[in-house]
Amino acid sequence: MKKARAREGIRTTGIPSKEELEASPGYPKSDCLARGPIVVIECVQDIPCNPCEGACPSGAIKVGNPITNLPVFDVEKCDGCGTCIPICPGQAIFRVDMTYQTDEATVSFPYEFLPLPKKGDVVQGIDRAGGAVCEAEVLRVQQPKGFDHTAVITVIVPKNMAMEVRSIKRAKR
Amino acid sequence: MKNTDMVVVGGGAAGMAASIEAACAGAEVVLIDENERPGGQLFKQIHKFFGSEVHRAGIRGIHIGRDLLKEAEEAGVQVRLNTVVYGFFPDKCLGLMCNQHTEELQAKMIILATGASENVLAFPGWTLPGVMGAGAAQTLINIHRVLPGRSVLMVGAGNVGLIVSYQLLQAGAEVVAVVEGLPTISGYGVHASKIRRAGVPIFTGHTILRAEGKESVERVVIAAVDKSWQPLAGTEKAFEVDTVCLAVGLSPLAELAWMAGCQFIYIPEIGGWVPVHDENMETSVPGIYVAGDLAGIEEASTAMEEGRLAGLAAAEALGCLSSKDGRARKAEVWERLAALRIGSFGHGRALAMEKILRAKGVG
Amino acid sequence: MPKTFDVGIIGGGIIGCAVAYYLSKAGVSVVVFEKDHICSGTSNANQGGIAVQLFDPKTIPLALASSELFSELSNELELDLEYRRSGTLNVALHAYQVPLLKRRYDELIQMGMDVRLWNDHQLRSFPGGDAKPFLAVCESPHDAQVNPLKATYAFALGAKRLGARIMLHAPVAQMKTDQKTIRSIILKNGEEIACGRVVCAAGAWSKEIGRGVGLDVPVEPQRGQLIITEQVPRSEYPYILDADYLTSAYGIKPEGEDEAARMRLKMGIGASFAQELPGNWTIGASRDLVGFVKTNSPEVLKALAKYLLEFMPWMKRINCIRFIAGYRPYCIKDGRPILGRVLDLSGFYLATGHGGEGVALAPITGKLVAEEITTGKTSLPIDDFRFDRFFCSH
């Protein structure tokens with residue numbers, strides 16, 4: 001089993017493995033997801049970086065010193081505002097709301113491609129490996145000036161895809 | 001011959017930061033850059049930077065560049081653009097050339113911040129039009145708003161390869177694959193994740209065998225490699241592309257430091273031959289300082305801090321800063337630099353810097 | 001490695017390697033001690049010119065023989081030396097140079113050299129265009145050019161193939177003598193190698209080597225600077241010289257009416273523009289005695305560039321890609337090479353002091369010194385070049 005783990009993971013595939021995610025203090029435990037919209041931080045490497053800490057108005061993210069520490073996420077303090085999402089230079093922060101509907105959840109993610117989709121568009125939801133895994137309806141596209149050209153898109157996906165979908169298929173230019 | 005307190009050669013991140021610190025301390029500073037505007041690599045870095053607030057984390061490179069430029073102008077730095085420093089002559093005399101006119105400029109202190117140039121990889125077909133450095137592609141798309149091609153193979157999964165792949169996607173090109181000879185991705189995982197989400201496969205343990213095409217690149221063939229970098233038979237894969245970007249490392253542009261007689265040390269992890277310097281960024285030649293990629297390939301954030309350090313140290317040497325103030329200000333920079341050289345990505349660079357400091361002590 | 005050789009050669013430049021080659025051909029066991037790497041000194045910083053028409057009349061016979069040897073060596077050695085008889089033009093651009101040039105032409109004709117004075121038609125057709133017409137030209141069609149780096153390496157490789165040893169990064173510390181006879185060489189790292197004979201081919205460093213055995217070898221480093229240009233199409237006349245070389249030969253100060261001429265005199269500038277085979281021009285040349293200083297000076301570079309444009313104004317648009325400087329091993333007593341045995345020290349030979357003519361004279365130097373060592377006689381007389389000439393009273 002150890003060999004398999006050495007083969008896949010962030011350093012060999014560019015995709016964090018399930019084990020790497022679950023080991024990261026920024027990744028919420030699955031029982032937390034039932035609370036409502038919360039942030040999911042998929043930061044698994046010790047890069048010197050901490051803007052997420054300063055961005056959160058509720059103090060739900062702590063990096064501390066040294067700044068290579070992985071961000072520690074306090075789900076009690078998170079109200080799902082998503083201010084941290086466009087700030088992360090690694091685009092590694094997402095928001096998931098499992099309480100959206102009985103069978104549907106929403107996923108919010110940073111997006112820096114053109115053309116941006118519009119509310120109501122039905123697009124392909126893609127997973128961390130770039131594979132299309134389900135249909136996704138665009139619920140909201142936020143691109144205020146303060147986000148500095150990082151849009152935050154929220155899509156509606158089947159609940160069981162909420163921890164898989166992390167972006168949408170780019171439209172042809 | 002004209003004289004000045006300080007000349008900074010190279011107006012990129014390190015050079016601008018150095019000029020600002022020195023000018024704010026009261027030195028007469030001339031900043032020279034061969035391009036028609038300063039900023040070096042900063043204006044190509046359209047992504048948000050890492051680090052902490054003091055390192056301008058979360059801000060895009062272009063904004064940092066604009067801010068530095070404004071600061072330099074406000075500090076009274078004399079900026080000479082379209083000017084090449086073509087020679088380093090005795091007694092800290094620099095040969096300048098601008099608009100087909102040459103002149104000499106002598107300075108008490110010189111800070112070299114000339115950056116680095118891209119390495120190349122030779123393979124059959126590497127001279128076909130369509131093969132270029134990743135940095136060159138980045139300049140084309142981010143500065144000149146021109147696509148180098150429609151479909152790209154990126155060679156190298158360091159930060160440059162990953163970031164430029166992402167930016168090529170943003171610009172509307174297709175990146176069919178990234179190949180990396182090492183078994184792991186050396187760049188930040190988050191940069192890799194962004195392009196994996198966008199559907200770009202990353203082939204670790206692979207290299208490019210050849211590029212094919214009549215008048216330009218039409219196709220590439222890649223293959224897996226063994227531990228000795230030999231291609232493994234039967235693992236060839238072909239891709240139809242019109243562009244091959246090489247992101248296989250950078251080497252310091254150290255000609256002026258060589259001419260000045262600076263001592264060098266060879267450290268492959270940070271680009272090969274780098275000028276030996278102390279914790280003040282001063283080389284083995286008194287009065288000559290280095291900063292940025294010239295002093296060892298790292299990042300924009302370390303380049304800016306090294307620039308500030310060199311600027312402060314040179315200003316102190318000129319007498320513009322008391323040694324008490326100088327030490328205090330430098331201590332702040334050393335702390336900020338140290339914060340960037342930790343963790344699995346920074347540790348190797350920290351060791352390299354230690355090697356350099358030890359060499360300076362001996363030499 | 002054996003500790004005994006017939007001959008130890010100090011210096012791995014073109015002279016040292018040529019001597020090694022000819023000695024090895026004669027079956028002698030040879031070791032070369034080079035303090036740096038092959039071709040790292042003056043052999044690496046010159047124009048590769050064999051401009052015989054400018055040489056001291058005493059040196060001309062050696063130069064002609066040497067050029068002929070280069071032609072043969074092109075077949076004998078394993079590298080392409082890029083030897084070609086491109087010919088040289090010695091140009092009088094200013095009125096005061098014309099009589100000097102004509103006087104020189106007469107001397108050369110007397111010596112049997114095939115040189116031609118240009119007629120009016122030729123003077124009008126080159127350079128032509130915007131260029132100031134040359135006032136007089138002495139053309140020497142058999143003068144030649146060679147690639148100095150390839151030539152040095154070719155000699156070195158040829159010598160090695162014949163059994164010579166070449167030690168790199170092996171500076172000589174001292175020489176052991178016994179009853180005024182050379183016995184061995186001691187390197188700076190302490191190694192001692194016994195050599196029955198020693199040849200000093202140390203170029204600009206010969207004085208230092210000579211001092212080690214109590215000899216005052218009058219060789220000083222005379223700095224020369226060159227501008228190297230980008231590659232451009234081959235010129236009809238790729239090797240152009242200036243009659244100012246002759247003003248120093250005849251001890252006449254040029255009538256420098258203008259500041260530029262005075263500056264050139266100060267910097268020891270005589271035009272020497274040589275186009276290499278790939279198309280780059282090497283633009284020279286200056287002379288100053290400033291010790292072992294290998295940096296370029298902006299004043300000299302600018303003066304060279306300005307002077308070039310007086311001859312060939314179309315070069316204004318061409319880019320310089322590099323500047324280099326080197327030390328000519330200049331014999332300050334009379335400007336002629338120092339060759340052959342030294343009477344006061346048995347087994348010690350000199351092959352140095354070639355000034356700006358080292359590349360041209362390398363083959364003949366190698367041959368003559370090898371002959372003197374192996375047979376005691378030389379196929380061309382070298383009395384004008386012996387070390388003893390400095391001690392004879394006339």
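**Close-up views of a predicted three-chain model**

**View 1. Where the two domains of chain C meet.** Here 16 residues of domain 1 of chain C are in contact with 11 residues of domain 2 of chain C (contact: C-beta atoms, placed from the backbone, within 7 Å). On the side of domain 1 of chain C that touches domain 2 of chain C, you will find 4 nonpolar, 10 polar and 2 charged residues (nonpolar: Ala, Val, Leu, Ile, Met, Phe, Trp, Tyr, Cys and Pro; charged: Asp, Glu, Lys and Arg; polar: the others, Gly among them). Domain 1 of chain C takes in 4–45 + 149–217 + 334–390, and domain 2 takes in 88–141 + 220–331; these bounds come from an automatic or database domain assignment. Between the C-alpha centres of the two domains of chain C there are 31 Å.

Before moving on, please note that this is a predicted model, in which local features need pLDDT of at least 70 and side-chain atom pairs count only at pLDDT 80 or more, while totals for chains, interfaces and linings use all residues. Residues are numbered from 1 along each chain as its sequence is written, and chains are lettered from A and ligands numbered from 1 in the order in which they are written.

**View 2. Chain C as a whole.** The C-alpha atoms of chain C fill a box of roughly 65 × 45 × 40 Å along the principal axes. Its radius of gyration of 21 Å agrees with a compact globule of 394 residues, which would have one near 21 Å (taken over C-alpha atoms; the rule is 2.2 Å times the number of residues to the power 0.38). Chain C holds 10 helices and 18 strands (DSSP runs numbered from the N terminus: helices are H or I, at least four residues; strands are E, at least two). Chain C averages a pLDDT of 93, with 97% of the residues at 70 or above (pLDDT: the predictor's confidence in each residue, from 0 to 100).

**View 3. How the chains touch.** No contact joins chain A and chain C, and their closest C-alpha atoms lie 42 Å apart. The model scores ipTM 0.95 and pTM 0.88.

**View 4. The open sheet of chain A.** In chain A, 7 strands line up antiparallel in the order β1-β4-β5-β8-β7-β6-β9 (strands pair if DSSP finds at least two bridges between them). The edge strands of chain A, β1 (38–41) and β9 (167–168), each pair on one side only. Antiparallel β1(A) and β4(A) (residues 93–97) are joined by 4 bridges, and Ile38(A) stands opposite Val96(A).
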